[in-house]
Amino acid sequence: MTAPLFNTLCVIGPGLIGSSVLRRLRAQPGLVSRLVVADRDPAVLDRVRCLDLGDEITDDLAKAVSGADCIMLCVPVGAIAPVARAIMPHLKSGAILTDVGSTRRSVVDALLPALRDDIAYVPAHPMAGTEHSGPDAGLANLFEDRWCLLTPDANVPQDAIDRMSAFWRAMGARIRIMDIDHHDTICAMVSHLPHLIAFTICGTADTLAEDMRSEVLDFAASGFRDFTRIAASDPTMWRDIFLNNSDALLSVLDRFSQDAASMAKAIREGDEKTIVETISRGRRIRRSLLENRQA
């Protein structure tokens with residue numbers, strides 16, 4: 001029998017990502033011997049108990065992390081560093097601290113000054129999700145064939161990186177290790193900008209004159225419906241992402257704005273060649289996603 005990767009894993013924040021990890025571990029016994037789940041919201045903890053997602057369920061963060069070999073922070077990006085600082089004195093020597101945040105630079109800059117020398121910090125970003133949130137939103141197969149990006153510092157012990165890589169592979173994910181600033185730029189393009197556009201388009205529809213607004217909602221075609229699915233995502237989470245990855249996001253937004261202006265110019269001037277080239281480029285990207293099993 002293969003030894004568990006961790007004797008005790010503590011998940012703080014059992015929302016969509018956290019509860020999906022817990023569901024996968026329940027369906028795959030032996031990877032972790034004991035699951036501790038912590039949250040400050042009594043209603044969240046009640047749902048975790050009802051769903052049987054943990055062996056110990058508590059609102060006491062210090063108690064939750066005290067014996068854990070790995071502590072996974074599944075809280076909004078803006079809360080990662082404050083929670084990490086609060087639990088740092090209670091972590092046992094040699095523990096691995098990780099998170100699932102989708103921005104890196106601001107989190108790492110805020111957390112590293114409080115990090116102990118005997119704690120290995122291995123940030124991870126599983127690039128998977130839905131528009132739903134909370135313990136009931138979790139899916140055991142959420143990470144299947146999705147990328148998980150690890151962004152450890154150069155001084156992190158290789159054993160800790162290898163264990164977190166093995167953990168996420170067991171979740172079904174594909175692993176890539178990269179620099180934190182490169183991570184933030186990539187994610188601004190493939191995740192954060194599309195969400196910003198979706199929120200904005202829905203906002204534009206909402207400000208139309210009332211008679212037209214109702215027709216927009218009545219006759220919404222598949223393209224608009226796709227945007228509304230993305231726009232249904234958790235506001236607190238995305239507020240934190242936009243604010244914590246503002247430099248990279250604004251950079252790709254500027255590039256998008258230039259490209260959108262070029263497309264508007266082509267439409268205004270009847271430039272069929274530019275219009276067709278732009279649409280064809282989108283089709284090529286869609287095909288590449290299908291070939292890469294990401295669509």
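Six strands line up in an open sheet in the order 3-2-1-4-5-6, and the pairing is parallel. Two strands count as paired if DSSP finds at least two bridges between them. The edge strands, strand 3 (56–58) and strand 6 (120–121), each pair on one side only. Strands here are DSSP runs of E with at least two residues, helices are runs of H or I with at least four, and both are numbered from the N terminus.

Before going on, note that this is a predicted model: local features need pLDDT of at least 70, side-chain atom pairs count only at pLDDT 80 or more, and totals for chains, interfaces and linings use all residues. Residues are numbered from 1 along each chain as its sequence is written, and side-chain values use heavy atoms, with hydrogens and water left out.

Back to the sheet. Strand 4 and strand 5 (residues 96–99) run parallel and are joined by four bridges.

Now for the greasy part. A nonpolar core is a set of buried Ala, Val, Leu, Ile, Met, Phe, Trp, Tyr and Cys residues joined through side-chain atoms within 4.5 Å. Buried means under 20% relative accessible area, exposed means over 50%, and partly exposed is in between (1.4 Å probe, protein chains only). The largest nonpolar core has 42 residues, and L9, V21, L25, F143, F167 and W168 have the most contacts inside it. Helix 6 gives this core its largest share, six residues. Another core lies apart from it, with 30 residues, including V36, L73, V75 and M88.

Next, the charged pairs. Side chains of opposite charge can pair when their charged atoms come close. A salt bridge is a side-chain nitrogen of Lys or Arg within 4 Å of a carboxyl oxygen of Asp or Glu.

| Salt bridge | N to O distance |
|---|---|
| D69 and K92 | 2.7 Å |
| D181 and R105 | 2.7 Å |
| K265 and E269 | 3.2 Å |

D69 sits in the loop between helix 3 (61–65) and strand 4, and K92 in the loop between helix 4 (77–87) and strand 5, so this pair ties together parts that are 23 residues apart in sequence. D69 is buried at 14% relative accessible area, while K92 is partly exposed at 32%. K265 and E269 both lie in helix 11 (residues 246–269), four residues apart, or about one turn of the helix.
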